Amino acid sequence: MFDAKTSTSFEESPIERDFNSHIKEQVLEAGNAHTTTTPAEALRLGDPILKEGDEVLAENERWPTEEELETMNRFGDRIPIAAAFVLATEFCERFTYYGVSGVFQNYMQNPYKQGDTPGAIGGGQSMATGLSNFFQFWCYLTPILGAIIADQYWGKYRTILVFATIYLIGDILLTLTSIPASIRAGGALPGLVLSMIIIGLGTGGIKSNVSPMVAEQYTRHRPFIRRLKNGREILVHRDVTIQSIFNWFYWAINVGSLSGIATTALEKNVDFWAAYLLPTLMFFFCIGVFYMGRNKYVKTPHTGSILILASRALKAAFIEHRHAKRNSNTIEGRDGKLIYWMDYAKPSYGRVSSVPWNDSFIDELRHTLKACKIFLFYPVYWLCYGQMSNNLISQAATMKRGNFPNDMVFNIDAIVLIIFIPIFDRLIYPAFRKCGMELRPIMRIFLGFCVATVSMAYTTGIQQLIYNTGPGYKYPSTDIPNDVTMAYQIPSFFLFAISEILASITGLEYAYTKAPSTMKSVVMSLFLLTNAGGSIIAFAFNPISHDPHLRDYYLIVTVIMGVFAILFYLCFRKYDAKEAAEKLEQAYRLQQRQKRQGDAEVMENMSFSDGSSGSKFHHVFSTTATEKA
């Protein structure tokens, strides 16, 4: 029986050669013409690229040859208008998130209306850093809930809309409890904690779904050749397009995060209620923008209890594998090696029966768990990232800064990202591809980890410089800062921003591209959960997250990040090469499917001088090829 998954070539018979001599030109023409495949046919052929639907070529497009797939540089496609609506929504949501959280450190650490540095609660640096870590932990724990609800019950669109409403309630509560009367009456702290819980819950429903949703708006899965207006032809590839979409997604995040400039100015010149009111008003606009695009979105339907199904499959695999080992009844694959333990849950091996999954589901689940392995290295990275939103803001308050608000320093990171994301997307990454040294995901993440290590090492040096300088030395004061200019902090934020382009954006991309279509929100939430892991680690360091221990804290984090970067490379350095080989194999299989379909169409529609039609040759060709396969 013919199997499109394993068949890679055909040996022509004399009948086929005679037939091809008559229709060579027609077949070549058909191979470059527009062809379509129904989802059912694609699934029957076993082509994973085509499972998500039929695709149509425009007049200036054609399918590439095998040689073009292997040799031409890859380019990204245009971003769909529906994705632009999602990007605008993310911009508004991040405007609100960073506008609110950007002033948290001063709001919690410093007393109200005392000294030059704004404040409200007066809990000190350790308390402020601890609550900040809690908020970050909670915001990246709740995406699990958002993913479950979206994938099993509501779908991404409805989940985002509902949780956005919850988010707005938290913003309103925070604004009301930050008015002067509430602060003086002691309502600031309980209002803040309750607002953190509500906003974090709303964030979870949005974060786990908005990034998969923006990528889902691009529906083309097959590489194709596009002829530009100047006559040049380029190879448009889905992988590069998805990479570009996530680059611009992250760019929108950081444009939104510049709200911190406005809120810190309002905090300093008006009061905290004004700083929180602006993001709250923006979130009304956020919900409106998202709702406006409702008729344009590609809405992936929810698929049922995927997590429950996955847990049942893993349990069955574990039990059957254990029984097989205990009874010396293990199974060997076609290569003579023992099958993977998860394969014992495949119905085709006969160890499980009457189960609600098939072999393909087990393969997808195995692929997902394999991809999730890289997430285990991210918590330490997020531990480094978290320093920018809490301890480095406090560090800036102990340095000479003139009239520059200390909590505005966090926006350096966003400004660098806004400038350099387009540079990486349009210049640096294409230059590497043109030179034949494409920076694939694992290498990008590794380089991002290395740059983060350098950033933390530099931060350690700056903290030592502060401790070596008077008048406060190891006990600097926000009222009388040490004689070190805050400009020294710029390289710390610059380096970490570059690391985000390499590691953070690629992590989002990897979480989306490696997840099966039924589990994209769940896998994305698992990636976001690593951020919560970084907050848990930060909790362990909370006893030394204040002067005079900050230099030792930063040094320890630097060493841990450096070690994890090396371990990451040693564990996953071969993944990029394997992925490239798999993609090339899929492309070859796709080209052969196109050739078979093109040949069949030409044969069916041809007639010859003897009055016979091409259908009988099609029958001979198909039968012979099938028998040979």
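Visitor: What should I know before I start?

Guide: This is a predicted model, where local features need pLDDT of at least 70, side-chain atom pairs count only at pLDDT 80 or more, and totals for chains, interfaces and linings use all residues. Residues are numbered from 1 along each chain as its sequence is written, and side-chain values use heavy atoms, with hydrogens and water left out.

Visitor: How are helices marked, and what span should helix H22 have?

Guide: Helices are DSSP runs of H or I with at least four residues, strands are runs of E with at least two, and both are numbered from the N terminus. The expected span is 1.5 Å times one less than the number of residues. Helix H22 covers residues 550-572. Its 23 residues should span 33 Å, and the end C-alpha atoms are 33 Å apart, which agrees. Helix H15 (residues 359-372) has 14 residues and reaches 20 Å, close to the 20 Å expected.

Visitor: Which residues of H22 are buried?

Guide: Buried means under 20% relative accessible area, exposed means over 50%, and partly exposed is in between (1.4 Å probe, protein chains only). An α-helix has 3.6 residues a turn, so residues three or four places apart point the same way. In H22 the buried residues include Leu 550, Tyr 553, Tyr 554, Val 557, Met 561, Ala 565, Phe 568 and Phe 572.

Visitor: And what covers the buried residues of H15?

Guide: Look for contacts, meaning heavy atoms within 4.5 Å. Among the buried residues of H15 are Phe 361, Ile 362, Leu 365 and Thr 368. Their cover includes helix H14 (306-326), H20 and helix H21 (520-540).

Visitor: Is Glu 90 buried or exposed?

Guide: Glu 90 is buried, with a relative accessible area of 1%. Glu 90 lies in helix H4 (residues 81-101). Leaving aside neighbours within four places in sequence, Glu 90 is in contact with Lys 207, Val 210, Phe 249 and Ile 253.

Visitor: Which peptide bonds and phi angles deserve a look?

Guide: Most residues other than glycine have a negative phi, and most peptide bonds are trans. Here the bond from Gly 470 to Pro 471 is cis, with omega near 10°. Pro 471 is in the loop between H19 and H20. The bond from Asp 547 to Pro 548 is also cis, with omega near 10°. Pro 548 is in the loop between H21 and H22. For phi, Lys 113 has a positive value of about 60°, and Ser 354 has one of about 55°. Lys 113 is exposed at 58% relative accessibility. Ser 354 is exposed at 80%. Ser 354 sits in the loop between H14 and H15.

Visitor: What does Lys 474 contact outside its sequence neighbours?

Guide: Leaving aside neighbours within four places, Lys 474 is in contact with Tyr 467, Asp 547 and Pro 548. Lys 474 and Asp 547 are 73 residues apart along the chain, yet their C-alpha atoms are separated by 6.5 Å. Lys 474 lies in the loop between helix H19 (441-467) and helix H20 (490-513). Lys 474 is partly exposed, with a relative accessible area of 44%.

Visitor: How many disulfides does a search find?

Guide: A disulfide is a pair of cysteine sulfur atoms within 2.5 Å. A search of the whole structure finds 0. Cys 384 is buried at 1% relative accessibility, whereas Cys 435 is exposed at 57%.
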